[in-house]
Amino acid sequence: MSRCIKTVAAVSLLLMSTLVHAQRFPNVGRPATEQEIAAWDIDVRPDFKGLPKGSGTVAKGMQVWEGKCASCHGTFGESNEVFTPIVGGTTKEDSKTGRVAALADGRQPQRTTLMKVPTVSTLWDYINRAMPWTAPKSLTTEEVYGVTAYILNMAEIVPDDFTLSHENIEQVQRQMPNRNGMTTSHGMWELKGKPDVHNVACMKDCPTEATVRSVLPDAARNAHGNIAQQNRPFGAVRGTDTSKPPVTAAVSSGRRNELAVLDAGQARTPVAVAAPTATGGALAKQHSCVACHGATNKIVGPGFTEIAAKYKGDPAAESRLFDKVKNGASGTWGPIPMPAQSHVKDDDIKAIVTWIVGGAKQ
Amino acid sequence: MSESNGKAGRIVRAPEHFVDPTVAHEITQHGLNAARRGFLRQSFLAASAALASGTALASASKMTDGDPNILTLPEHSTTLGKPVAANPYGVPSRFETNLLRRESPGLTRVNAASVSFTPLQGLFGIITPSGLHFERHHQGWHDIDPSKHRFMINGLVKNPKVYTMDDLMRMPSVSRMHFIECGANTAMEWGNVAVPTVQYSHGMLSCSEFTGVPLSVLLEDCGYDKKNGKFVLAEGADGSGMTRTIAIERALDDVIVAWGMNGEMLRPENGYPLRLVVPGVQGVSWVKWLRRIEVGDKPYATKDEAIHYIDAMPDGMYRQYTSIQECKSVITTPSGGQRLLDKGFYNITGLAWSGRGKIKRVDVSVDGGKSWRTARLETPVLSKCLTRFNIDWTWDGSPVVLQSRAIDETDYVQPKINQLRAVRGTKSIYHNNAIQSWQVAASGEVSNVQVY
C-alpha cells in the first residue's frame, strides 16, 4: 500500500513537473474567453475574414451620413474642409481597369480616398473601428454597411437602390477603381529588401550643380513663428529673428563677445510659459471645436467671434448656445449641421460658450 | 516612536556617521563643551573672513578689471539654495523655454490627428527627452488607467490569452535603445523646400531606451502557429483603433511589447501604458495603447495600409506596406533658421540612423557636396538607433552649403534628393531620406535649400 502511495506520489510529482516545464510562465496571463475575443477581434481582411454578416442600403447610409458624417466630410463626401476628400477623381472606366487614370496623369490636384483605396474591406473596417470622428465604434453593423454603400454610391460604383451585404461585398470589391493600383514589389517591407535608390560615397571632386534648386519661399520665413524663440539664447548659434527680413550684411570680423552679452541679457528674463488653465479657448481646442470653427472665420461652421457678434445683447445667448452645442443644431449658419456634442462635459460646454459669448479672446 | 502619531512624512534622523554615538548623545544632552565650541568658532571666523574679502574685491572692481559676472558674486553663490525635492518631479530650468514640441501650421486641420515635432536643433547626444518626444495621433490621445488595460493575443495560436500589466511586467524584460521615425518625416520637402528648420523638416524623429517583453516570448507563450502564422496584426485601444500588419519574421526578431521609456513608464502621448516597439520600421507600426496582437496567414490592408501610409509612385501605382526607414542623416547644428554670430570655429553636429542596422560612417561636406570629410561617430553606435556625429569646422565667413551623408552597415549610401526623385517622383509623401542641405549666408543666417 505504502509503495502504491509512493508510486502515485512519484507519478503525480512527475506530472506536475512536466506541466510546470511545459508552461514557462506559470500564473502569468489567462485564457481569453470567446466573448472577449469577439468583443475585440473586429478587423476585416481583404478576403473578408472577420466581416460580420449583415447588410445596409444606400438609403440607410445616406441617412446616417447626413446625421453623423457630412459635418466633416461634406454632403457628397467631397469636402476638403476638415479632412481630405473621400469621393471624387474616379471614373466608370477606372472601375473597368482597376487603375485610377488620374493618379498617373496628375490632373487631380488632390488624391481622394476612393482614388487610392483598393479594397472595400478597408473602407468597411475603417468606418466600423474609427468613425464617427468623435464617437468611434458607435455605429451598428447595418449602419456600417449602409455608409460604405453610400460612399460607393456617391462614387457611382453602386446604384442608388443598392443593398451592400456580406454576400455581395466581394463582387463590389472587384469594381473598385484602384483595385489594381497597389504593389508590394519594393524593397521597403523586408529588412533585407533591396534598395531602389543608389548613391556612391564620392569624397573628392564630386559632381554637383552650381545652382541652388530650391530655397525657402519668402512667405514661409516666419510662417512657423519667430525662429529666434525656437532656439536657445546662448550656445554655439542663435535662432534667426524671422519677424524681420533677412540680414544682408556679412558678420563682423570681430569676436562675438558683445553680441553674446547682449543675447545673454535676453536669457535673464525667461519667457513665462502659460500655465495650462482650462479656459474656454483651451477647451475649444481640446474638444476639437477648432476643427470646424475658426477664431474669426468660418471653416465648416461660423467663426467664434462671428457667433459672439450674432448673439451680442441677447441675454439668453449662453443657454441657447449651450443647447445648440450639446444637442446639435442646423440652419442658423448654412446647410451643414452642427453635430451634437453630448460627449463633452456640461461644465466644459458652459465654459466654452461663456468664452465665445465673451468675445472668444485668445 | 509613538510621538510620530500619524504625522505624514516625519523624517527620522539618520545616525551621525562622523561622530561616535556616545559623543553624539552627550552633545544632544549637554550641548558642546568649550573645546568643541572653540573649534567650530574658528572655522566660522575663517569662513566669514573669506566672504568679507570677496565682497571687498567685487565692490572695488566696478567695470574695470573684467566681467562683472565673475567679479561680482551672483546671488546663487551667496545665498542658500532651494531644498531637495522642491520639484518632486524635476522640470527643465526656467531658462529652457524655447525648445518645445511644436506643430507645423497648415500641415493638418484637426489637431487630434496631427503631429508635433521634436526640436532637434537644440538637443544633444542621441536620447530624446521624453517630454520632447514627437507626437503623432490619429484620433487624439488618452491617459489610460493601467489597472484596466488589457492585452490580448489571438488568431492562429493554440492558447488565446489575456495579459494584465501585472502579468506583462513580471515577465523577463529587455531594455533597448532605438530610434522611431514617422514614415512621413521630411514629407513636406519632396517637391521643394517648404519648412524653415530641422524641427519641421526632420522632427518626426525621436530615440529612447524602451523596456518590455519581446513579442517572440509572448507569441511562444500563446503557442503561435509556426506553420501558418505568416503575419501579425497589432491593434491599438484608442479611438482610431490603429492597426498595422507586421511580417512574422519581423515580429519574432526584435519587436518589443514595451511599457518603459527612458527609465520610467511611457508618457501618455507615447502610448501609456503599453506600446509596440518595431525597431527600424516607421512609427505608425509602433502601435500605441496596444491592446491586441492577432496572428494570421495574410496581410490585413488596414486603413493605414491601404489609404494612408502608401507611397505614390510616378506611374500612378502605390507602394503598399513600405515600412523600413532607410539610412538617413541630418546636421542639427548649424541648421535652418539658426544664425552664426561670427566667423571662426564651430562643431558641426548631427544625427544618423538606419532601419537596416548600424551606422557605419557619416561624411560631411561644407561645399555643397563637391568634397567630403568623414565625421567622428560618438558612442554608442547601436543597431536601429540614432548615432551622433561631430566634425570640426572653421568658418571663414563666405557663403557655404553644409550637408551630411550617412552609410549603414549594408553599405547603402544616403541618396541625394535628385536621385530619390529620379526613382520615386515628388508625390510619394513618405520615406524621404534625402541628404539635407543647409546654406550659410555671409550674414551667418542658415537656411533650408535643395541642391542637386
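How many residues of domain 1 of chain A are in contact with residues of domain 2 of chain A? Seven residues of domain 1 touch eight residues of domain 2, where contact means that the C-beta atoms of two residues, placed from the backbone, lie within 7 Å. On the domain 1 side, these residues divide into three nonpolar, two polar and two charged. In this scheme Ala, Val, Leu, Ile, Met, Phe, Trp, Tyr, Cys and Pro count as nonpolar, Asp, Glu, Lys and Arg as charged, and the others, Gly among them, as polar.

This is a predicted model, in which local features need pLDDT of at least 70 and side-chain atom pairs count only at pLDDT 80 or more, while totals for chains, interfaces and linings use all residues. Residues are numbered from 1 along each chain as its sequence is written, and chains are lettered from A and ligands numbered from 1 in the order in which they are written.

Domain 1 of chain A covers residues 55-173 and domain 2 covers 280-357; the bounds come from an automatic or database domain assignment. The C-alpha centres of the two domains lie 29 Å apart.

In chain A, helix α3 (residues 58-73) packs against helix α8 (residues 141-154) at an angle of about 95 degrees, with the axes 7 Å apart. Helices (H or I, at least four residues) and strands (E, at least two) are DSSP runs, numbered from the N terminus. Axes are lines fitted to C-alpha atoms, for helices over the stretch in contact, and angles run from 0 to 180 degrees between N-to-C directions. α3(A) and α8(A) are therefore roughly perpendicular to each other, a class that spans 65 to 115 degrees. Among the residues making the contact are W65(A) and C69(A) of α3(A), and V147(A) and Y150(A) of α8(A). The contact residues divide into eight nonpolar, three polar and three charged.

The backbone also deserves a look. Most residues other than glycine have a negative phi, and most peptide bonds are trans. The peptide bond from M131(A) to P132(A) is cis, with omega near -5 degrees, and P132(A) lies in the loop between α7 (120-130) and α8 of chain A. In chain B, the bond from T333(B) to P334(B) is cis, with omega near -5 degrees; P334(B) sits in the loop between β15 (328-333) and β16 (338-339).

E156(A), not a glycine, has a positive phi of about 60 degrees. E156(A) is in the loop between α8 and β3 (163-165) of chain A, and counts as partly exposed because it has 15 C-beta neighbours inside 10 Å. A360(A), in the segment after α14 (346-357) of chain A, has a positive phi near 50 degrees. A360(A) is buried, with 21 other C-beta atoms within 10 Å. A residue is buried if 20 or more other C-beta atoms lie within 10 Å of its own, exposed if 12 or fewer, and partly exposed in between, with C-beta atoms placed from the backbone.

Technical notes. Angles under 35 degrees count as roughly parallel, over 145 as roughly antiparallel, 65 to 115 as roughly perpendicular and the rest as oblique.
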